[in-house]
Amino acid sequence: GERALAGFAKALEKAKVEVAAEETINHAKPETETEHEDFAAMIRYSKLSQLGDINGRMVLGKVVEVVGDDLYIDVGGKFHCVCPRPKLNSESYFRGVKVKLLLNDP
């Protein structure tokens, strides 16, 4: 009884010391900490905000999905851009292809 508990208590204490030493060595930070301290700073430093006025801007993207004649293109924003598949050389546009997009703000 007591001897077994003493062995368990020693093992538990040893584990606590090892975890504390590892955290000190790795300078562990809580998962919630980020490079930017608040939401406003995250938005300010996002790629999308740094684009500025998007009208007439050329961006690079990657086709991530093709549904019928629609291309879903990842341009690094929160959502994918959906564009109609061009009629000229339409077979050239498939999943994984890199494309250039000219952005228009209606």
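# A guided tour from the E3–E4 loop

Begin by selecting Asn89, which is found in the loop between E3 and strand E4 (98–102). The model on display is a predicted one. The phi of Asn89 is near 55 degrees, a positive value in a residue other than glycine. With a relative accessible area of 44%, Asn89 is partly exposed.

Remain in this loop and select Arg95 together with Glu65. These two residues form a salt bridge, in which the closest N and O atoms are 2.8 Å apart. The pair links distant parts of the chain, for Glu65 lies in strand E1 and Arg95 in the loop between E3 and E4, 30 residues apart. In general, side chains of opposite charge can pair when their charged atoms come close. The count of salt bridges comes to one.

Next, display strands E2 and E3. Strand E2 (residues 70–74) and strand E3 (residues 81–84) pair in the antiparallel sense over four bridges. Select Tyr72 to find a point of this pairing: its bridge partner in E3 is Val82. Then move to the hairpin of E2 and E3, which has six residues between the strands. In this hairpin Gly76 takes a positive phi near 90 degrees.

Cys81 counts as partly exposed at 22% relative accessibility, whereas Cys83 is buried, with a relative accessible area of 18%. The two residues fall in separate classes because buried means under 20% relative accessible area.

Now select Arg57, in the loop between helix H3 (47–50) and strand E1 (58–67). Arg57 and Leu102 are 45 residues apart in sequence, and their C-alpha atoms are 5.8 Å apart in space. Arg57 is partly exposed, with a relative accessible area of 35%.

Phe39 is exposed, with a relative accessible area of 61%. Select Met42 and Ile43 as well: with Phe39 they form a nonpolar patch on the surface, and together the three have about 320 Å² of accessible area.

Finally, clear the selection and view the whole chain. The protein chain contains three helices and four strands, and from the N terminus on its elements run α-α-α-β-β-β-β. Of its 106 residues, buried residues make up 11%. The chain exposes about 9300 Å², of which carbon and sulfur atoms supply 57%. Among contacts between residues at least 6 apart in sequence, 43% join residues at least 24 apart.

Methods. Residues are numbered from 1 along each chain as its sequence is written. This is a predicted model: local features need pLDDT of at least 70, side-chain atom pairs count only at pLDDT 80 or more; totals for chains, interfaces and linings use all residues. Side-chain values use heavy atoms; hydrogens and water are left out. Patches are made of residues with over 30% relative accessible area and no salt bridge: like charges are joined within 9 Å, nonpolar side chains (Val, Leu, Ile, Met, Phe, Trp, Tyr) within 5 Å. Accessible areas come from the Shrake-Rupley method with a 1.4 Å probe; for residues, only the protein chains shown count as cover. A salt bridge is a side-chain nitrogen of Lys or Arg within 4 Å of a carboxyl oxygen of Asp or Glu. Buried means under 20% relative accessible area, exposed over 50%, partly exposed in between (1.4 Å probe, protein chains only). Helices (H or I, at least four residues) and strands (E, at least two) are DSSP runs, numbered from the N terminus. Contact means heavy atoms within 4.5 Å. Two strands pair if DSSP finds at least two bridges between them.
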